[in-house]
Amino acid sequence: MTEDEHSIRKAPRRREGRSRTVQRPRRPPAFIAIPATIGLALFALPVLGLLGRAPWSRLATLLGSDLALEALRLSAISSVSAAVISLLLGVPVAWTLCRYDFPGRSLLRGLVLLPMVLPPVVGGAALLFALGRRGLVGSPLYEATGLVLPFSTGGVILAGVFVAMPLMVLTVEGGLRSLDQRFERAAETLGAGRWTVLRRVTIPMIAPSVVAGIALTWARALGEFGATLTFAGNLQGRTQTLPLAVFVALESDRDAALALSLVMVIVSLAVLVALRDHWWRSR
Amino acid sequence: MRTGLDSRLVMRREGFHLDVALGIDPGQTVALLGPNGAGKTTVVGALAGLLPLDGGYVRLGGRVLEDAATGTLVGPAERRIGVMFQDGVLFPHLSALENVAFGLRSRRVPRREARRRAAGWLEAVGLGALSDRRPGRLSGGQRQRVALARALITEPSMLLLDEPFSALDVSSRAGLRRLLQDHLAGFPGPSLLITHDPTEAFLLADRLVVLENGSVAQEGSADQIRLRPASPYAADLAGVNLLVGAASGKVLTIGNHQLVVPEAASGRIIATIHPRAISIHLDRPGGSPRNSWPTRIERIDHHADRVRVQTGPPLPVTAEITPDAQTGLNLAPGSEVWLSVKATEIQVDAG
């Protein structure tokens, strides 16, 4: 026992020693610092521009309008729904792509990532051809259930899932891939069935990736514009989300557009910063 | 053998073929030794049910766990084989207590009961005070103790220890070895210790199995392998000189002979000296005179490209030299010679 007490006392000291030898340099050299500053400015300047032009005094009134309130409500509902659906479907997709070898796997992997590189308008059009009332799947769906997805809130959610779920698949697949499968095997030898292994080992161990996936899909769905517009249209109260409302307001009421943009910037930034501190640093 | 482990493991992988017959009696510990890539960890995976067999069978305590001929296959969760994995493989997101309780919780033991028994096991491996710590905040030796408690708590029918010492420094090695000795002595089922360290194998196992290139090169007691090593690797590990004695400061006393070592130690020790680290001289050598002593050659064995020389009192050891050196020194049984060994070539473990 004594030698273990000894070594635990030694352990943190060793860690300190290591961090001292690979200490981060205090400042990046100029050839890094200059392009990095320009790059960061590209991110920061638009946000600053928005903050500088924001109609702070009229903010409450602007955000209290019917158009703003309905867009806020719709965006909240559709982005959260899209994130939840992406979670429920995306994790099994990532699992299948990561853990099973089958013919056509690389084709499927490409297909899953397609929405990330496709212009969202094209994605929306594709959704329309497939799920529109006269579409490949939409037509029999309508005949059978009377359900019409285009130009409905369901359509907004579907468009969000389509563009955002690849991010969930990517992050979760990355997490699964870097998970040492010996942990799951150890759990099996301890008598854990597949469900117990999943619940008590795999999911907790890839939790950071899953949370990152939720944050990214939610943010992507919140900002979705092109596919929503094409597939679901721009109907106030039904399919007009925040980005669409901003687009419309830019033509008619610039201050309202600024106020709505501000809401999106602040909410998104808050969520991303909070998650980054909480999860990504600890990885 | 019927009540212990009875197995024949046949696995074919690209570029690798494993065919091993392995039997272990209840209460017996077998050490599986072999160079890297010999298939040691594959044997663990096969016995634990993590890697399916291409041929052969696994029977444990009269129960058929796997039989390639009939297609019988009991999954790892139902085999009741406790595995102590290389590097522990503790769940990083669970505390030491939750790690140990995991096997009971998986078998639907109520949480309170599982935690109570896990706390008892942590106490038994000397970690009662650290039960709330996660593996990241435990030392290597402590992690292996948790891994042992985690493997034993489910009262497995067999114990597999995959290189339990490989990640440890010398000081925590001795403590874990004593702990393993205690628990293996009280363990009713067969145990398999995977290692590449002959010291551990000799100290912990009743019988040695040498695995090379996927098949058993030799098996038997340490003495049997020492006398008739069947391969260069077996000769290498069996020829290692293990000397039990006592340390006081930098001086080891073995029998009535003394050796000087570079680092101070105290109490019972095991000194390991590789045969190639011992030089043979015809006259008293210069240099570091304290670790040289006169003796008489008792026996000379020839193995392919090397010659093993066994010497008599005051410190019987095996030295290894080249055939050229033997001819040059004109050595034969009965020759009076001087032996010398550098202090830095003597590995000291607490015994």
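Modeller: The following dialogue treats helix packing, cores, the chain contact and backbone details in turn.

Modeller: The model is predicted: local features need pLDDT of at least 70, side-chain atom pairs count only at pLDDT 80 or more, and totals for chains, interfaces and linings use all residues. Residues are numbered from 1 along each chain as its sequence is written, while chains are lettered from A and ligands numbered from 1 in the order in which they are written.

Colleague: How many helices and strands does the secondary structure of chain A come to?

Modeller: Helices (H or I, at least four residues) and strands (E, at least two) are DSSP runs, numbered from the N terminus. Chain A has 13 helices and zero strands. A residue is buried if 20 or more other C-beta atoms lie within 10 Å of its own, exposed if 12 or fewer, and partly exposed in between, with C-beta atoms placed from the backbone. By that criterion, 34% of the 283 residues in chain A are buried. Two residues are in contact if their C-beta atoms, placed from the backbone, lie within 7 Å. Of the contacts in chain A with a separation of 6 or more, 76% join residues 24 or more positions apart.

Colleague: How is a pair of packed helices described?

Modeller: Two packed helices are described by the angle between their axes and the distance between the axes. Axes are lines fitted to C-alpha atoms, for helices over the stretch in contact, and angles run from 0 to 180 degrees between N-to-C directions. In chain A, the axes of helix α5 (residues 105-117) and helix α8 (residues 153-178) come within 8 Å and cross at roughly 125°. This makes α5(A) oblique to α8(A); angles under 35 degrees count as roughly parallel, over 145 as roughly antiparallel, 65 to 115 as roughly perpendicular and the rest as oblique. On the α5(A) side, A:Val112, A:Leu113, A:Pro115 and A:Met116 meet A:Phe162, A:Val163, A:Pro166 and A:Val169 of α8(A). The residues of this contact are eight nonpolar, no polar and no charged. Here Ala, Val, Leu, Ile, Met, Phe, Trp, Tyr, Cys and Pro count as nonpolar, Asp, Glu, Lys and Arg as charged, and the others, Gly among them, as polar.

Colleague: At what angle do the axes of α4(B) and α5(B) cross?

Modeller: The axes of α4(B) and α5(B) cross at roughly 15° and come within 9 Å. The two helices are therefore roughly parallel to each other. Their contact includes B:Leu148 and B:Leu152 of α4(B) and B:Leu176 and B:Leu179 of α5(B). Its residues divide into four nonpolar, six polar and one charged.

Colleague: Which residues touch the most other members of the largest nonpolar core?

Modeller: A nonpolar core is a set of buried Ala, Val, Leu, Ile, Met, Phe, Trp, Tyr and Cys residues joined through C-beta atoms within 7 Å. The largest has 82 residues, and B:Leu32, B:Val100 and B:Leu160 touch the most other members. Another core, of 52 residues, lies apart from it and includes A:Ala71 and A:Leu262.

Colleague: How many residues of α2(B) are buried?

Modeller: Eleven of the eleven residues are buried, so α2(B) is largely enclosed by the rest of the structure. They pack against α9 (182-189) and α10 (194-223) of chain A, together with α3 (111-124) and α4 of chain B.

Colleague: How many residues does each chain bring to the contact between them?

Modeller: Chain B brings 25 residues and chain A brings 22 residues. On the side of chain B, β7 (81-84), α2 (96-106), α4 (140-152) and α5 (170-186) each give two or more residues. The most come from α5(B), with four residues. That side divides into eleven nonpolar, eleven polar and three charged residues.

Colleague: Which backbone details deserve a look?

Modeller: B:Arg80 has a positive phi of about 55° although it is not a glycine. B:Arg80 sits in the loop between β6 (72-73) and β7 of chain B, and counts as buried because it has 21 C-beta neighbours inside 10 Å. B:Asp87, also not a glycine, has a positive phi of about 65°. B:Asp87 lies in the loop between β7 and α2 of chain B, and its 16 C-beta neighbours inside 10 Å make it partly exposed. Finally, a cis peptide bond with omega of about 10° joins B:Pro313 and B:Pro314.
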